[in-house]
Amino acid sequence: MDLNDAKTHELVTHRGFKLIHGTHDPDDVDQIYNLEIRDSDVFVVTYPKSGTIWMQQILLLLEAKGDLTTINHLNNHSNADLIPWIEVNGNRQMFITAPSPRLRVTHLQLHFMPSALSQKGKVIYVARNPKDVLVSYFYFHKLANMLETPKDFNDFFEKFIRGDVFGGSWFEHVKTWYSHKNDMDMLFITYEEMIKDLQSAVERISLFLGKELTDEQLANVVKHSTFNNMKKIPQANYEQVPGDLLSHHQGTFMRKGTVGDWKNHFTAAQNERFDKVFHREMENFPLAFNWDIMDIN
Ligand code: A3P
């Protein structure tokens, strides 16, 4: 595709991955690979809609020792301003000169990431069951103006299965990152584990990052990163993001925050089709996903 002809919401296929025209510049994304990495760098890696903003909130709170009032939210900075996407236009340059610790998020596939991550820095990969990811992504496509509004649920369902969305194939993303987890210092955690026991998840993340917080400080990290509390913080719910980027009348970013909402959306036929693809794609994947809130509590 000629980039000059692309519309803002059009996807650009670049080295086996889908980027968003206008949001990402393929040449710039290619330079991420050569970035120098510091020991204190942390990358949160997610397929879209898997809990990125949640992990941003937890990392910000761990840095702030649980004190919400010291997070720069007060200056109207959103979670994404404070822990930016490395792949979004202009952000790579900022990363080079940023003070430590450099906390970043990314939806990129492994082959774009700094090669030096095998020696230095840390990675937190958050995976979420793909049926809930699909539903969350469907609603996000309605909200986000840089993404094409889906024709209907079934049309989006097929696109997701084909990997014809920003982030590419969910199956490839999770499989690739997981299979390289021992090639770098990585914590692999699931959204469902975080839903099941946020306290334990926060303790694991804190330990992984080598943080030393008191029990009270850790309890505050947990308190300010629950769904209900985050929903009340405009900067953690992207409420202050301008209307040209998010159509706020279409819904809220913090939508349901649960496990199993796919059951309210998938038809029996869609579910059967999804299960078939899932079993084919994930046949040799060693971890099981939780599909229902009832399996968790
Ligand atoms: P839903 O649309 O299913 O509600 P991302 O930040 O990667 O785009 O992921 C967004 C999804 O994570 C949304 O899912 C959002 O509600 C959910 N989420 C964000 N913070 C959460 C929290 N504290 N607890 C549970 N879910 C959360």
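Q: Hi! Where is Arg15 found in this one?
A: Hello! Arg15 is in the loop between β1 (11-14) and β2 (17-20). Keep in mind as we go that this is a predicted model.

Q: What is the phi of Arg15 like, positive or negative?
A: Positive, at about 45 degrees, although Arg15 is not a glycine.

Q: OK, on to peptide bonds. Is the one from Ser100 to Pro101 cis or trans?
A: That bond is cis, and its omega is near -5 degrees.

Q: And where is Pro101 found?
A: Look in the loop between α4 (91-97) and β4. Pro101 also turns up in the lining of the second largest pocket, as one of the residues nearest its centre.

Q: Tell me about that pocket, then. How many residues line the second largest pocket?
A: There are 14, and besides Pro101 those nearest the centre are Leu60, Glu63, Leu82 and Leu103. The space in the second largest pocket comes to about 310 Å³.

Q: Which elements supply at least two residues of that lining?
A: Three do: α2, α3 and β4 (103-106).

Q: How does the lining of the second largest pocket divide into nonpolar, polar and charged?
A: You get 9 nonpolar residues, 1 polar and 4 charged.

Q: Now the largest pocket. What volume does it have?
A: About 1,200 Å³. Its lining is made of 50 residues, and Lys49, Trp85, Phe140, Tyr238 and Phe253 are the closest to the centre.

Q: Which elements give two or more residues to the lining of the largest pocket?
A: They are α2 (52-63), α3 (79-82), α5 (130-143), α8 (191-196) and α11 (227-231). The most comes from α5, with 5 residues.

Q: What about the classes of residue in the lining of the largest pocket?
A: The lining has 27 nonpolar residues, 17 polar ones and 6 charged ones.

Q: Which residues come nearest the ligand?
A: Of the 19 residues around the ligand, the nearest are Thr52, Ser136, Tyr191, Lys256 and Gly257.

Q: Let's get specific. How many Å is a polar side-chain atom of Thr52 from an oxygen atom of the ligand?
A: For Thr52 the distance is 2.5 Å. Arg128 also has a polar side-chain atom 3.0 Å from an oxygen atom of the ligand.

Q: And which side chain has an N or O atom 2.7 Å from a nitrogen atom of the ligand?
A: That is the side chain of Tyr191.

Q: How much of the ligand's accessible area does the protein cover?
A: The ligand on its own has 580 Å² of accessible area, and the protein covers 97% of that.

Q: Which element gives the largest share of the shell around the ligand?
A: α2, with 3 residues. The elements that each supply at least two residues of the shell are α2, α8 and α11.

Q: Last one! How do the residues of that shell divide by class?
A: The shell around the ligand has 8 nonpolar, 7 polar and 4 charged residues.

How values were computed:
Residues are numbered from 1 along each chain as its sequence is written. This is a predicted model: local features need pLDDT of at least 70, side-chain atom pairs count only at pLDDT 80 or more; totals for chains, interfaces and linings use all residues. Side-chain values use heavy atoms; hydrogens and water are left out. On a 1 Å grid over the protein atoms alone, a cavity is a set of points where a 1.4 Å probe fits but cannot get out, and a pocket is an open set with protein on both sides within 12 Å along at least five of seven lines; lining residues have an atom within 4 Å of a point. Grid points are joined across faces, edges and corners, and a volume is the space filled by probe spheres set on the points. Helices (H or I, at least four residues) and strands (E, at least two) are DSSP runs, numbered from the N terminus. Ala, Val, Leu, Ile, Met, Phe, Trp, Tyr, Cys and Pro count as nonpolar, Asp, Glu, Lys and Arg as charged, and the others, Gly among them, as polar. A residue is near a molecule or strand if one of its heavy atoms lies within 4 Å of it. A polar contact is a pair of N or O atoms within 3.5 Å; within protein, one must be able to donate a hydrogen and the other to accept it, and residues adjacent in sequence count only if both atoms are side-chain atoms. Accessible areas come from the Shrake-Rupley method with a 1.4 Å probe; for residues, only the protein chains shown count as cover.
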